[in-house]
Amino acid sequence: MKKALLIFALFVTAHNLKAQTASEAISATVKIFFEGMHARDTLKIKSVCDKDLILKSVYIKADKSTTVKNEEFQFFLKSVMSIPESITFEERLLDIKVQNDELVATAFTPYEFYLNQKISHKGTNIFILGKIDGTWKILGITDSRIKWFLVRKKADLYKILYFYLIIKISHFQK
């Protein structure tokens, strides 16, 4: 009986280590994407992305209406390369929450975006990843963008949080 329990404990421990390793690898993939973006290094970005990456943004406009914007991966790469060195930008990830199985994963990353050291907007990225030939690759990114001037008013904050939860729920129901 003791031998069976020991084998079971070793199996559970090995399984947990494997899951942690996958989660760490997925988080590292997301971090490499942002390292490349901040360095304006499109080769680094491409190294962790599928060539057919899908990019979508959901955002609230000044008139408080919402809209969805699709962006081509090549256009995104050209945009990153064309940012002048005189402009500083940083997308600060506040957290990375990973869920995965053997072949697919999601990484949920709330963020704040700074332009020339001033907050521009905040939101959440949802990364969809696939394990391609043993390596985690980003297949798609959907992000929300909430302009900072909308978040300043406390009453608006509750509306934004409600909207955000609706997006999150509807995204995972599809």
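Phenylalanine 34 is buried, at 5% relative accessibility. Buried means under 20% relative accessible area, exposed over 50%, and partly exposed in between, with a 1.4 Å probe and protein chains only. This is a predicted model: local features need pLDDT of at least 70, side-chain atom pairs count only at pLDDT 80 or more, and totals for chains, interfaces and linings use all residues. Residues are numbered from 1 along each chain as its sequence is written, and side-chain values use heavy atoms, leaving out hydrogens and water.

**Aromatic rings**
- Rings of Phe, Tyr and Trp (its six-membered ring) pair if their centres lie within 6.5 Å; planes under 30 degrees apart are stacked, over 60 edge-to-face, the rest tilted.
- The count by this rule is 5 aromatic pairs.
- Phenylalanine 33 and phenylalanine 34 pair edge-to-face, 5.2 Å centre to centre, with 90 degrees between the planes.
- Phenylalanine 33 is buried too, with a relative accessible area of 3%.
- Phenylalanine 33 also pairs edge-to-face with phenylalanine 127, because their centres are 5.9 Å apart and their planes stand at 75 degrees.
- That pair joins helix α1 (residues 2–38) to strand β6 (residues 118–132), 94 residues apart.
- Phe33, Phe34, Phe76 and Phe127 are linked into a cluster by ring pairs.

**Overall build**
- The protein chain has 5 helices and 7 strands; these are DSSP runs, helices (H or I) of at least four residues and strands (E) of at least two, numbered from the N terminus.
- Their order from the N terminus is α-α-β-β-α-β-β-β-β-β-α-α.
- Of the 174 residues in the protein chain, 32% are buried.
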